[in-house]
Amino acid sequence: YEGVVNGNRYTIKRKETPEQLARNYLHDLAESYHEKNRERFGLDLPPVGGSLPFDPELSKRTAAAFDRAKHDPAHPFVKKSYDQFKAELLAQYRHLKDAGVSFEPWESPGQPYANSKEMQADVLGNKRIKFFKGGDMPADHPLAEKVSGDTNYNDILRGVHDVLSHAKEGHQFGPKGELQAWGEHARLFSPLARHALTAETHGQN
(Lines give C-alpha, C1' and ligand atoms only; values in the text may rest on other atoms or scores of the structure.)
Protein backbone atom coordinates (compact mmCIF):
# COMPACT_ATOMS: atom_id res chain seq x y z
CA TYR A 1 0.00 0.00 0.00
CA GLU A 2 1.27 3.47 -0.79
CA GLY A 3 -0.11 6.87 0.06
CA VAL A 4 0.58 10.34 1.41
CA VAL A 5 -0.61 11.66 4.79
CA ASN A 6 0.16 15.25 5.77
CA GLY A 7 2.83 15.47 3.10
CA ASN A 8 4.59 12.27 4.21
CA ARG A 9 4.68 9.32 1.82
CA TYR A 10 4.29 5.87 3.34
CA THR A 11 4.70 2.38 1.92
CA ILE A 12 3.39 -0.70 3.71
CA LYS A 13 4.01 -4.16 2.29
CA ARG A 14 1.40 -6.79 3.06
CA LYS A 15 1.86 -10.48 2.34
CA GLU A 16 -1.26 -11.79 0.61
CA THR A 17 -2.60 -15.21 1.53
CA PRO A 18 -5.64 -17.01 0.07
CA GLU A 19 -7.59 -16.06 3.20
CA GLN A 20 -6.73 -12.39 2.82
CA LEU A 21 -7.70 -12.31 -0.85
CA ALA A 22 -11.35 -12.87 0.10
CA ARG A 23 -11.20 -9.75 2.27
CA ASN A 24 -9.80 -7.36 -0.30
CA TYR A 25 -13.07 -5.54 -0.85
CA LEU A 26 -13.05 -4.35 2.78
CA HIS A 27 -9.46 -3.17 2.50
CA ASP A 28 -10.38 -1.37 -0.71
CA LEU A 29 -13.36 0.29 0.96
CA ALA A 30 -11.29 1.44 3.92
CA GLU A 31 -8.61 2.86 1.65
CA SER A 32 -11.08 4.56 -0.69
CA TYR A 33 -12.82 6.13 2.31
CA HIS A 34 -9.49 7.36 3.65
CA GLU A 35 -8.47 8.81 0.30
CA LYS A 36 -11.83 10.52 -0.18
CA ASN A 37 -11.99 12.04 3.31
CA ARG A 38 -8.34 12.56 4.29
CA GLU A 39 -8.35 16.30 3.70
CA ARG A 40 -12.00 16.80 4.63
CA PHE A 41 -11.57 15.40 8.14
CA GLY A 42 -7.82 15.76 8.62
CA LEU A 43 -7.04 12.03 8.82
CA ASP A 44 -3.44 11.91 10.03
CA LEU A 45 -2.71 8.16 10.09
CA PRO A 46 -2.21 5.81 7.13
CA PRO A 47 -5.23 3.55 6.54
CA VAL A 48 -3.31 0.34 7.28
CA GLY A 49 -0.67 -0.62 9.81
CA GLY A 50 0.69 -3.25 12.13
CA SER A 51 -0.82 -4.87 15.20
CA LEU A 52 -0.76 -3.38 18.69
CA PRO A 53 0.98 -5.08 21.65
CA PHE A 54 -1.49 -6.39 24.21
CA ASP A 55 -0.72 -5.42 27.81
CA PRO A 56 -3.25 -6.93 30.27
CA GLU A 57 -2.30 -4.51 33.05
CA LEU A 58 -2.69 -1.49 30.78
CA SER A 59 -6.06 -2.81 29.65
CA LYS A 60 -7.15 -3.10 33.29
CA ARG A 61 -6.06 0.47 34.02
CA THR A 62 -7.87 1.69 30.91
CA ALA A 63 -11.07 -0.06 31.99
CA ALA A 64 -10.76 1.34 35.51
CA ALA A 65 -10.26 4.86 34.14
CA PHE A 66 -13.34 4.45 31.97
CA ASP A 67 -15.41 3.30 34.94
CA ARG A 68 -14.30 6.35 36.94
CA ALA A 69 -15.04 8.80 34.12
CA LYS A 70 -17.87 11.25 34.72
CA HIS A 71 -20.80 11.32 32.31
CA ASP A 72 -20.57 14.92 31.16
CA PRO A 73 -21.82 15.29 27.56
CA ALA A 74 -22.13 19.07 27.95
CA HIS A 75 -18.40 19.51 28.61
CA PRO A 76 -17.04 21.63 25.73
CA PHE A 77 -14.29 19.19 24.74
CA VAL A 78 -16.52 16.12 25.06
CA LYS A 79 -19.17 17.77 22.88
CA LYS A 80 -16.61 18.86 20.31
CA SER A 81 -15.08 15.39 20.08
CA TYR A 82 -18.41 13.58 19.81
CA ASP A 83 -19.77 16.05 17.25
CA GLN A 84 -16.73 15.37 15.08
CA PHE A 85 -16.95 11.64 15.73
CA LYS A 86 -20.59 11.51 14.66
CA ALA A 87 -19.89 13.41 11.44
CA GLU A 88 -17.09 11.01 10.50
CA LEU A 89 -19.00 7.91 11.59
CA LEU A 90 -21.94 8.91 9.43
CA ALA A 91 -19.60 9.42 6.47
CA GLN A 92 -18.20 5.90 6.97
CA TYR A 93 -21.71 4.46 7.23
CA ARG A 94 -22.78 6.11 3.99
CA HIS A 95 -19.56 5.04 2.25
CA LEU A 96 -20.24 1.42 3.12
CA LYS A 97 -23.89 1.60 2.11
CA ASP A 98 -23.00 3.23 -1.21
CA ALA A 99 -20.67 0.28 -1.83
CA GLY A 100 -23.51 -2.19 -1.32
CA VAL A 101 -23.00 -3.22 2.31
CA SER A 102 -26.38 -3.70 3.95
CA PHE A 103 -27.08 -2.93 7.61
CA GLU A 104 -29.84 -4.96 9.27
CA PRO A 105 -31.01 -4.21 12.82
CA TRP A 106 -31.19 -7.18 15.18
CA GLU A 107 -34.00 -6.84 17.67
CA SER A 108 -34.52 -10.48 18.61
CA PRO A 109 -33.33 -12.04 21.89
CA GLY A 110 -29.61 -12.68 22.17
CA GLN A 111 -26.91 -11.55 19.80
CA PRO A 112 -27.05 -11.59 15.96
CA TYR A 113 -23.95 -13.79 15.67
CA ALA A 114 -22.57 -16.67 17.70
CA ASN A 115 -19.01 -15.37 17.32
CA SER A 116 -16.78 -13.07 15.28
CA LYS A 117 -16.12 -15.68 12.58
CA GLU A 118 -19.84 -16.03 11.89
CA MET A 119 -20.13 -12.25 11.62
CA GLN A 120 -17.11 -12.02 9.33
CA ALA A 121 -18.52 -14.74 7.06
CA ASP A 122 -21.77 -12.78 6.69
CA VAL A 123 -19.95 -9.55 5.87
CA LEU A 124 -17.54 -11.17 3.41
CA GLY A 125 -19.98 -13.56 1.80
CA ASN A 126 -23.18 -11.53 1.79
CA LYS A 127 -21.98 -7.93 2.22
CA ARG A 128 -24.36 -7.75 5.19
CA ILE A 129 -23.94 -6.83 8.85
CA LYS A 130 -26.60 -7.45 11.47
CA PHE A 131 -26.19 -4.97 14.29
CA PHE A 132 -27.55 -5.23 17.81
CA LYS A 133 -30.07 -2.60 18.84
CA GLY A 134 -30.94 -1.70 22.36
CA GLY A 135 -28.98 -1.54 25.58
CA ASP A 136 -28.98 1.06 28.32
CA MET A 137 -27.85 4.52 27.31
CA PRO A 138 -28.57 7.88 28.97
CA ALA A 139 -31.01 9.96 26.95
CA ASP A 140 -28.46 12.79 26.78
CA HIS A 141 -25.64 10.57 25.51
CA PRO A 142 -24.27 12.03 22.25
CA LEU A 143 -24.75 8.72 20.41
CA ALA A 144 -28.41 8.46 21.46
CA GLU A 145 -29.27 11.00 18.78
CA LYS A 146 -31.36 9.49 15.98
CA VAL A 147 -29.87 9.14 12.51
CA SER A 148 -33.05 7.97 10.81
CA GLY A 149 -36.24 6.40 12.12
CA ASP A 150 -35.43 4.67 15.41
CA THR A 151 -31.78 4.05 14.47
CA ASN A 152 -29.30 6.13 16.46
CA TYR A 153 -25.58 6.76 16.18
CA ASN A 154 -24.78 4.03 18.68
CA ASP A 155 -26.56 1.52 16.45
CA ILE A 156 -24.57 2.42 13.35
CA LEU A 157 -21.33 2.50 15.36
CA ARG A 158 -21.86 -1.17 16.19
CA GLY A 159 -22.31 -2.07 12.54
CA VAL A 160 -19.59 0.15 11.07
CA HIS A 161 -17.05 -0.88 13.71
CA ASP A 162 -17.69 -4.57 13.11
CA VAL A 163 -17.29 -4.17 9.34
CA LEU A 164 -14.25 -1.89 9.19
CA SER A 165 -12.41 -3.35 12.18
CA HIS A 166 -13.41 -6.90 13.08
CA ALA A 167 -14.52 -8.27 9.71
CA LYS A 168 -11.81 -6.55 7.67
CA GLU A 169 -8.93 -8.13 9.58
CA GLY A 170 -10.62 -11.04 11.36
CA HIS A 171 -10.18 -9.65 14.88
CA GLN A 172 -12.14 -11.67 17.41
CA PHE A 173 -14.54 -10.42 20.06
CA GLY A 174 -12.43 -10.40 23.22
CA PRO A 175 -9.80 -8.23 24.95
CA LYS A 176 -6.99 -8.82 22.42
CA GLY A 177 -9.23 -8.63 19.36
CA GLU A 178 -11.03 -5.54 20.62
CA LEU A 179 -7.72 -3.75 21.11
CA GLN A 180 -6.68 -4.51 17.53
CA ALA A 181 -10.11 -3.51 16.22
CA TRP A 182 -9.83 -0.16 18.01
CA GLY A 183 -6.39 0.38 16.49
CA GLU A 184 -7.68 -0.42 13.00
CA HIS A 185 -10.70 1.85 13.26
CA ALA A 186 -8.69 4.70 14.78
CA ARG A 187 -6.83 5.03 11.47
CA LEU A 188 -10.04 6.16 9.80
CA PHE A 189 -10.74 8.97 12.27
CA SER A 190 -9.28 12.40 12.90
CA PRO A 191 -7.34 13.09 16.14
CA LEU A 192 -10.33 14.91 17.65
CA ALA A 193 -12.82 12.15 16.81
CA ARG A 194 -10.48 9.45 18.11
CA HIS A 195 -11.13 10.57 21.69
CA ALA A 196 -14.80 9.63 21.35
CA LEU A 197 -13.97 6.44 19.44
CA THR A 198 -11.61 5.39 22.24
CA ALA A 199 -14.26 5.98 24.91
CA GLU A 200 -16.85 3.97 22.96
CA THR A 201 -14.62 1.02 22.02
CA HIS A 202 -11.25 0.61 23.75
CA GLY A 203 -12.45 2.17 27.00
CA GLN A 204 -15.44 -0.17 27.26
CA ASN A 205 -13.66 -3.34 26.18
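On a 1 Å grid over the protein atoms alone, a pocket is an open set of points with protein on both sides within 12 Å along at least five of seven lines, and a lining residue has an atom within 4 Å of a point. Volume here is the space filled by probe spheres set on the points, with grid points joined across faces, edges and corners.

Hello everyone, and a quick word on the model. It is predicted, so local features need pLDDT of at least 70 and side-chain atom pairs count only at pLDDT 80 or more, while totals for chains, interfaces and linings use all residues. Residues are numbered from 1 along each chain as its sequence is written, and side-chain values use heavy atoms, leaving out hydrogens and water.

Let's start with the second largest pocket, which has a volume of about 210 Å³. It is lined by 14 residues, and closest to its centre are Gly 50, Leu 52, Gly 183, Glu 184 and Arg 187. Helix α7 supplies the largest share of this lining, five residues; helices (H or I, at least four residues) and strands (E, at least two) are DSSP runs numbered from the N terminus. By class, the lining has four nonpolar, six polar and four charged residues. For those classes, Ala, Val, Leu, Ile, Met, Phe, Trp, Tyr, Cys and Pro are nonpolar, Asp, Glu, Lys and Arg are charged, and the others, Gly among them, are polar.

Now, the largest pocket: its volume is about 1200 Å³. Of its 40 lining residues, Phe 66, Ala 199, Glu 200, Thr 201 and Gln 204 lie nearest the centre. Two or more residues each come from α3 (56-68), α4 (76-98), β4 (128-132), α6 and α8 (191-200). Which element gives the most to this lining? That is α6, with six residues. The lining divides into 18 nonpolar, 14 polar and eight charged residues.

Axes are lines fitted to C-alpha atoms, for helices over the stretch in contact, and angles run from 0 to 180 degrees between N-to-C directions.

Next, α4 and α6, whose axes come within 10 Å and cross at roughly 60°. That makes α4 oblique to α6, and this crossing is left-handed. Contact means heavy atoms within 4.5 Å, and among the residues making it are Phe 85, Leu 89 and Tyr 93 of α4 with Ile 156, Val 160 and Leu 164 of α6. By class, the contact has 11 nonpolar, one polar and one charged residues.

Finally, α4 also packs with α8, at about 90° and with axes 7 Å apart. These helices are therefore roughly perpendicular to each other. The residues that meet include Phe 77, Tyr 82 and Phe 85 in α4, and Leu 192, Ala 199 and Glu 200 in α8. This contact has eight nonpolar, three polar and three charged residues.

Notes
1 Å grid on protein atoms, 1.4 Å probe; cavity = no way out; pocket = protein on both sides within 12 Å on 5 of 7 lines; lining within 4 Å. Parallel < 35°, antiparallel > 145°, perpendicular 65-115°, else oblique. Left-handed = near helix turned anticlockwise from the far one by under 90°.
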